[in-house]
Amino acid sequence: MFGWEFPPHITGGLGTACLGLTKGLLNNDVEVIFVIPKVYGDETKEINLVNASDVRIDIHNKIHEDHWKNISYIEVDSILVPYSTPEQFYRILNEQQQCGEHTYENIYSLKYNFSGKYGENLMEEVARYALVATEIAQKQQFDVIHAHDWLTYPAAIAAKNASNKPLIVHVHATEFDRSGEHVNQNVYDIERRGMHEADKIITVSNFTRQIVIDRYNIHPDKVVTVHNAVDLYKNQKDSTQEKYVREKIVTFMGRVTFQKGPDYFVEAAYKVLQKDKNVRFVMAGSGDMLNKMIKRVAELRISKYFHFTGFLKGGDVNRMFAISDVYVMPSVSEPFGISPLEAMRSNVPVVISKQSGVSEVLHHALKVDFWDIDAMADSIYGLLHYNALSKMFISMGKSEVESLKWDNSAHRVKEIYLEVTANKEEL
Amino acid sequence: MRAICFYFQVHQPFRLRNYHFFDIGKNHDYFDEFQNNYIINRVAEKCYLPTNQLMLDLIHEYGSSFKISYSISGTALDQFEMYAPKVLESFRQLAQSGCVEFISETYSHSLSALKSKTEFHNQIMAHRKRVKDLLGVETKTFRNTELIYSDVIGEMVAELGFSTMLTEGAKHVLGWKSPNYVYCNAINPKLKLLLKNFRLSDDIAFRFSQESWESWPLTTEKFVDWLNNIDQSEEVVNLFMDYETFGEHQWAETGIFNFMRALPGQVFSHSNFSFKTPHEVSTECQPVAAIHVPTPISWADEERDLTAWLGNDLQDDAFDNLYELKEKVRQIDDFQIQVDWRYLQTSDHFYYMCTKWFSDGDVHKYFNPYGTPYDAFINYMNVLSDFIIRVNNKYIEHQIVTKSEEKKPEKKNQKSIKTRQA
């Protein structure tokens, strides 16, 4: 399996998803060799990883040590840094240092990322990763190559060529999610090539599957949706968390960027506040649209009821969920979107946009179009005022989330593995 | 004899600490004690103490012919008392010399004149009392925060019995007229106005160390030459500036202290100017005309208007949210709420939210503890949100108490009726 990042050093949902899926596969008796480029030097201390490239070693995760008996963790010495400017790099590095294992930043979702000087370097690194992959593929014993998102596709293709084993690419996000219509041609080309070389494509939602089919010209039979899941053991609701404000709290958490639709949240907040001043809205996160949002909130004269927390670190994320009464994810384009699941697990009812993968698996969430601020305001108001509704959503939502297990998703992935290996043998 | 009128503004705000959303409703400690303490002591070392000593020396040297004036904001006085009592002591010495006039302003260096006459008056009276208590002098002259002035503000000031007020000699208000005369308020002519000669004032306050300026380096000879070039009929040159000019904005290395030390001697030996306090100027000179200022002016930036503090959405929303509380705060008798209410009104908080980054951007940045106006706004609004909760809670308590007090006399009356019947 080729990945880009692995907990605890993650910048987004991808690392968490890779971890969840890998563990699920282990539980399904699938042996996994996980290859990642070395991004941060301090990674080794936290997960007890020996600092060397091209060396096959076991991960000693203290809590889940037994889970890891069948996994190999291979580190590739590289300076891969997927950020377009040094400032952005330091910002995210800082955030990462602050946030530990819990974050909503997603490296793949930064807009207009891979252009300019750093973009050229990045492409070099991606190519270099592919070279290393060839070597790894020749040394290791495996049956299937599984690659997570475009940065790993060249490596995975190289591994496929070296080993002649079936290739599965796993699409967590596409260039169209990250950049809207202004796609980076290089990235798109790599994505497209990876998808065409693949024997099977796994997408995290039907929403993303449709993009893969329409935008990358892939035959529908080749694309399978396997929804993400959530880990049950972490992020338990901190019931002791005290709330110091009387009003109910409606929360937006995530990067304040175009993709996440923060502007629709502000407009919906304004609508709710016209009916009910007994609410506080919180925008937790930072991003290139933050200043614009602050200005808009002041312009609407609602800053008394609308708070900005900046980027929240690990503990504060749980704290924020614990004092929230409604969670809103108004994303314009979200391949999956794991944060509503985390909110629901903390007993917070959610309003999510229909333009998100997670809306396909959730029944007990209010779903609105991201642009429909009236419907969004209605949903928020309803969850705040009609207790029957919010109570039902809380209890049903929680059990719904708990049923979304990685073991189940991994089981689907295992079936796909068996299918592609069988096909390969027939040939 | 013509006069030079020196006036120095001494002001320090209570800077807010980094106040997070999670603090709202829980933590009522708003001010950054460490930073405030540090800054007061740094400025005291670099400016207040050495400059006060310089002024005392000059007074000793020239006796009553050297005169100056100050206004010290209430927030600065409070912080001197808390963090740097030595500074207070040296101002006391200046007050006792008899050559220094202390001027009234709003207690918290606030923009209350623009929002509420009652609050404006209350703050002036509170400041006046504080100056009397700490320095032992009565104030006779008024200057508003950042020299903000309009016809209406002047009228409110006159109502309190002040006969003199200082403001900016703004070009767009004066037109062809010279700032070097005494003028009067357009509504109440009894209030005399002294207008800042911004060219000569800024030559010292801003341009003194500016090497790209054609007159750099500024010497007392040059400066007195300029004074002598002023038409003989013009009566007073008002040199108004931040006191922090000495040693803080212009470092000691620039020679600013030497300049000030040498200036009186040069004036006495090479010109027919004398030094007078604002009150003396106003008593001795008759106003030549009324000045019409329908919209407020200030001494800030190129525009000499209010846009450094108010005008963008961040500033206006924060400002309105703050002053919405004024009626409730007035009714609540709670010491800590009154203190916080005053400190939160300090104009600097709104200055930090300014988004003008053009000709005066550098000046703004110099005074700004925040990285961006947005950070300033968020932090201020977080604090204000907590303050609003506290005010509302206290106000509810207050209403319950007043209601029960209203009921009590009725019961007493009933009783007394009963006793009478009995």
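Me: What stands opposite Ala284(A) in strand 9 of chain A?
Reply: Met253(A) does. Strands here are DSSP runs of E, at least two residues long, and helices are runs of H or I, at least four residues, numbered from the N terminus. Keep in mind this is a predicted model, where local features need pLDDT of at least 70, side-chain atom pairs count only at pLDDT 80 or more, and totals for chains, interfaces and linings use all residues. Residues are numbered from 1 along each chain as its sequence is written, with chains lettered from A and ligands numbered from 1 in the order in which they are written.

Me: In which sense do strand 8 and strand 9 of chain A pair?
Reply: Parallel, over six bridges. Pairing takes at least two DSSP bridges between the strands.

Me: And how many residues of strand 9 of chain A are buried?
Reply: Six of its six. Val279(A), Phe281(A) and Met283(A) point one way, and Arg280(A), Val282(A) and Ala284(A) point the other. Buried means 20 or more other C-beta atoms within 10 Å of the residue's own; exposed is 12 or fewer, partly exposed is in between, and C-beta atoms are placed from the backbone.

Me: OK, helix 9 of chain A. What's its reach from first C-alpha to last?
Reply: 21 Å for 14 residues (262-275), close to the 20 Å expected at 1.5 Å a residue. That expected span is 1.5 Å times one less than the number of residues.

Me: What covers its buried residues?
Reply: The cover includes strand 8, strand 9, helix 10, strand 10, strand 11 and helix 14 of chain A. Among the buried residues of helix 9 are Tyr264(A), Phe265(A) and Tyr270(A).

Me: Switching topic: how many residues of chain A are in contact with chain B?
Reply: 15, against 19 residues of chain B. Contact means C-beta atoms, placed from the backbone, within 7 Å. Helix 10 of chain A gives the largest share of the chain A side, five residues.

Me: Which parts of the model have low confidence?
Reply: Chain A averages a pLDDT of 78, with 75% of the residues scoring at least 70; pLDDT is the predictor's confidence in each residue, from 0 to 100. Over residues 39-71 of chain A the value is below 50, though that stretch has 44 contacts beyond near neighbours in sequence. Residues 75-120 of chain A are also below 50, with 101 such contacts. Where pLDDT is low, the predicted coordinates should not be read in detail.

Terms used:
Two residues are in contact if their C-beta atoms, placed from the backbone, lie within 7 Å.
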